[in-house]
Amino acid sequence: MSKGIVTRLRLSSLRLRLVVVFALVALTAAVAASGIAYWLNREAVLTRTQDGALNDFRQEMQNRAATLPLRPTQDDLRRTAELMATGSANYQVLLLGERDAGKPIVGASDPDDFTLADVPRSLREAVDTERPVTEANPYPYHLFWQRTERNGTPYLVGGTRIDGGGPAGYMFKSLAAEKADLNSLAWSLGIATALAVAGSVLLAQVAATTVLRPVHRLGEAAKQLGEGKLDTRLRVTGADELADLTRTFNSAAESLQKKVADMSAREESSRRFVADMSHELRTPLTALTAVTEVLEDEQDSLDPMIAPAVALVVSETRRLNDLVENLMEVTRFDAGTARLVLDEVDIADQITACIDARAWLDAVDLDAERGIVAPLDPRRLDVILANLIGNALKHGGSPVRVSVRTDDDELVIAVRDHGPGIPEEVLPHVFDRFYKASASRPRSDGSGLGLSIAMENALIHGGSITAANSVGEDGAVDGAVFVLRLPLDASGITREVQTRSSQGEVEEA
């Protein structure tokens, strides 16, 4: 079997199963046929040899042994045995008589080759047994035979007795020639079986190739379909089950391509709507922000009845401005236009600046060594830290602890609070967009996008964020822990920037 065939067998379990099944079926059929043929030939050879020798021996007993006197001498027995052994049947003869009552004598054609000890006791007892003469059994003595083995050579031993008190005779014929013939036949059948198995393996290879080639093409097409090549189609040939399967695949691929195209169009339309809406909102928001800043500066001099309304307008305007900025950021990520602007950042200084800019110094405990520098995007790192620390202060409460360490080639920043923690059913969804832990609170102070944007900024760096609950010494939940992991060297991180046509372009603000 060639190396290529062996390689294909190793690479394809289905091919291997087909070959094994074919080989087992061929082996079973060949062994069964060979076994039956061997058994039939063995019985035919042995029966022919056995019948020929026994018939000749019976005839010799009637023609020669029956003519001996009732009390023969040993020489009489020997000469008669030698005459009986000279026939074409090629066997040795032993005659057993009595010179006087109770005094047996033995005459053998070749005492060195065949003696009374070579006759099985069971055969002698059967020969000496006198049976009643009836209509169904006209003779008191019968011819019996038995196959035996001496020194690895098979022999046929037969015996009978002359009616009316004559001598008993035994023949001893070697079956070595028949054994050699049967061995040759067995070797021939074994070779035929091996050839049948080898032929079945080659036939299985041909069948497997014929059957598996279209299956392999289907597998390759399915792989291309999974890689996004939705225009993949297969040429249909024939009218068998594989052709029907190919038609089904083509139909499914066409349906999938249409649905994906429809979904992409709807998604692009939704993304463009959000982007356009966000851009359109920025202009009136700019005017509103300017007005609210003026109102906020004059808030102390306003009528006490109007001041709460002004404060509400200022708060909601800022919240609306944050929501629009977050929507713009999410749109950039969805459009694939978000890019890293890397710079050497001192992590401790960056965290301190983030906390200081938002007046959180009194509520945050920072544990960070100076001198940990990494190439990161400072603006995106600030967005991540602001969202994580702000979320901890808002929902967990102070004291909030921010710790920084390095782990091999990773930067690890942990933000921990000492609040009630995060419910277990909420943990898998904390980074989902607009997810709210309680459906009874559809409105919240935030946009519901902060943690999602933080995760996107971590992913664009090649990092990740995980959320978990911290367990105290008493086994109770003691706040939540958000762990940010970023590579210490993000200079090799690349992100595909998708180019948009004039109709679908998303501009960065």
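How many salt bridges does a search of the whole structure find? The answer is 19, counting a salt bridge as a side-chain nitrogen of Lys or Arg within 4 Å of a carboxyl oxygen of Asp or Glu.

Before the examples, some housekeeping. This is a predicted model, where local features need pLDDT of at least 70 and side-chain atom pairs count only at pLDDT 80 or more, while totals for chains, interfaces and linings use all residues. Residues are numbered from 1 along each chain as its sequence is written, and side-chain values use heavy atoms, with hydrogens and water left out.

OK, on to the pairs. Arg71 bridges to Glu98, with 3.2 Å between the closest N and O atoms. Arg71 sits in the loop between H2 and helix H3 (74-85) and Glu98 in strand S1 (residues 92-100), so this pair ties together parts that are 27 residues apart in sequence. Helices here are DSSP runs of H or I, at least four residues, and strands are runs of E, at least two, numbered from the N terminus. Arg71 is partly exposed at 42% relative accessible area, and Glu98 is partly exposed too, at 35%. For those words, buried is under 20% relative accessible area, exposed is over 50%, and partly exposed is in between, with a 1.4 Å probe and protein chains only.

Now look at helix H6 (residues 241-297): Asp262 and Lys258 both lie there, four residues apart, about one turn of the helix. Their closest N and O atoms are 3.4 Å apart, and they form a salt bridge. Lys258 is exposed at 55%, whereas Asp262 is partly exposed at 32%. There's also a network of salt bridges linking Asp75, Arg78 and Glu82.

Next, the second largest pocket. By pocket I mean an open set of points on a 1 Å grid over the protein atoms alone, where a 1.4 Å probe fits, with protein on both sides within 12 Å along at least five of seven lines; lining residues have an atom within 4 Å of a point. This one holds about 280 Å³ of space. Helix H2 (13-63) and strand S4 (153-161) each supply at least two lining residues, and H2 gives the most, with three. Among the residues in the lining are Arg58, Met61, Tyr139, His142 and Asp163.

Last stop, helix H10 (residues 450-460). Which is it, mostly covered or mostly open? Mostly covered: nine of its eleven residues are buried, including Leu451, Ile453, Met455 and Asn457. After H10 comes Gly462, with a positive phi near 85°.

Terms used. Points joined across faces, edges and corners; volume = space filled by probe spheres on them.
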